[in-house]
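Grab a pencil and work through these exercises with the model on your screen. Try each task before you read its solution.

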Amino acid sequence: MRAEEIPKAVITFLKRPVAMILIAGLVIRLVLMPLLTYGYDVSHWALTIQHIQAGEGLYGLSGYWYTPVWGYILGIMSVVMNVFGVTDYGHLFDELLHVESFVGFYTATLTTPVFNFFVKIPMLISDVLVGYLVYRIIKERTGDERKATYGFALWFLCPLVIYTSSVHGMFDSIYVMFMVLSAYALYKGHDLLAGASLAVAVLLKVFPLFIIFVLIAYIVLKHKGDLGTMRRRILTAAIGAGVMALIIYIPQILDGTVMDSLAFFTSRVDGGPVSADDGVWSSLVSFGMRLVIWLQLALFAVAALLAYRMYKKGAGDKDKAFFTCLMVTASVIFIWPAQPSFLMLTLPFLICFIAMYDKRFIVPFAVLVTGATLHAVNNMSVFLSLAAYTDVMKISTVVSMMEWMQQPLLFGLSKHSVVMVVTAVIEVIGIILILLYWRRHEKEAGSYG
């Protein structure tokens, strides 16, 4: 394209519905990013950056509990913030110290609006890239611009996606982006990229590991009778994953902090001690966490069985079998009261299925997103930074709302806890509906026909 043609091309793009959806989604995110934030997690991002700047690395001091990838991204954002002169990350507010004892995860350390904005930029970029991948998959599979735009809108304007990235400040959309990229790369035959992307996704959060069975089964299904090609593709993807994992972990191998980088997972298995004074809710949460961790072993077996089933029954439309199995696997692994942000992994594959194969799945999509979003927004603390650094509202007003939510409502549980239980149930109903709709779709379509 010649330089003089660029303005015309931009104007043409801006007239397309997908551009208007993109702009609307960006405006919403750019408004929310500095103003609202979940202080507990985002304050840890600030602490991690301070440790990096002090030369302590990711694991030299306590405060960073994840594998290295997100820490590397925070390191990059530290450099970006330094370039823009952002050095004030947050402050401890004495009048909020008592909220740290509330049921849930709260902190008296509030990050500044400027820090909130910059630290959420990687999530904003990932939201756009996931939407683009969803758009590309649908467009290539159907050749229908309207369906592709519809899929992009379902992702980019989804309230759960917007909240997780722009308010909560959690990095789920980043690992979702690498997971979708891995599936798309394998579909296009770029096996090295597929393996490398999968490694990054798994080393951000473990859930993409469940998808590995689908990826392998897809290669085997595509090359039945061609053992050489099958082995070559699997080996190439494995090399991509192994090399990428090694590159990511070189600093931890050199400084002996590999086990420290796995603390997030090992601490979950233990579940943590619970004293008699912690109350019924804390005991239930601790027991539930341990139960869910061990449940993952059974879900690994389920994921493997689903992949095997795809291999056995997907002789018709192999690509449809692949995308269907991705959607079902990414759903069934959350058939427990998952954190709302975890469900981000389910959405791209579910959206692709809705747009490409069966629009009736919009019903379970709506139920799942409603439950997860209401579960996520059950947190008055997201207004604390806004109250602390602007005149829009007072800190005391936000604290009063938080205290009201902590008051007992039912069976000794607080209003906050009751809302969490109800919305978690809605989430699980959404997952169950996906599976029921899938079974109905298969009966009507004749498996993967």
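**Exercise 1.** Find the residue just after α8 that takes a positive phi, and work out how covered α8 is.

Step 1: Look just past the end of α8, where Gly169 has a positive phi of about 80 degrees. Helices here are DSSP runs of H or I with at least four residues, numbered from the N terminus (strands are E runs of at least two). You're looking at a predicted model, where local features need pLDDT of at least 70 and side-chain atom pairs count only at pLDDT 80 or more, while totals for chains, interfaces and linings use all residues. Residue numbers start from 1 along each chain as its sequence is written, and side-chain values use heavy atoms, leaving out hydrogens and water.

Step 2: Now go through the helix itself, residues 159–168: nine of its 10 residues are buried. Buried means under 20% relative accessible area, exposed means over 50%, and partly exposed is in between (1.4 Å probe, protein chains only).

Step 3: The buried ones include Leu160, Val161, Thr164 and His168.

**Exercise 2.** Is Met344 buried or exposed, and which residues does Met344 touch?

Step 1: Check the accessibility: Met344 has 0%, so Met344 counts as buried.

Step 2: List the contacts (heavy atoms within 4.5 Å). Skipping residues up to four places away in sequence, Met344 touches Trp155, Leu160, Val161, Thr164, Ser165, Asp172, Ser173 and Val176.

Step 3: For a distance, take Ile293, which is 51 residues from Met344 along the chain; their C-alpha atoms are 19 Å apart.

**Exercise 3.** Describe the surroundings of Asp172, one of the residues that Met344 touches.

Step 1: Asp172 sits in helix α9.

Step 2: With a relative accessible area of 0%, Asp172 is buried.

Step 3: Look for a side-chain partner, and you'll find a polar contact of 3.4 Å with the side chain of Ser341. A polar contact is a pair of N or O atoms within 3.5 Å; within protein, one must be able to donate a hydrogen and the other to accept it, and residues adjacent in sequence count only if both atoms are side-chain atoms.

Step 4: Leave out neighbours within four places in sequence, and Asp172 is in contact with Thr164, Lys205, Ser341, Phe342 and Met344.

**Exercise 4.** Work out how α9 and α10 run relative to each other, and what their contact is made of.

Step 1: The axes of α9 (residues 172–188) and α10 (residues 191–202) come within 8 Å and cross at roughly 160 degrees. Axes are lines fitted to C-alpha atoms, for helices over the stretch in contact, and angles run from 0 to 180 degrees between N-to-C directions.

Step 2: Compare that angle with the cut-offs: under 35 degrees is roughly parallel, over 145 roughly antiparallel, 65 to 115 roughly perpendicular, and the rest oblique. So α9 and α10 are roughly antiparallel to each other.

Step 3: Among the residues making the contact are Tyr175 and Phe178 of α9, and Leu193 and Leu198 of α10.

Step 4: Sort the contact residues by class, and you get 11 nonpolar, two polar and one charged. Ala, Val, Leu, Ile, Met, Phe, Trp, Tyr, Cys and Pro count as nonpolar, Asp, Glu, Lys and Arg as charged, and the others, Gly among them, as polar.
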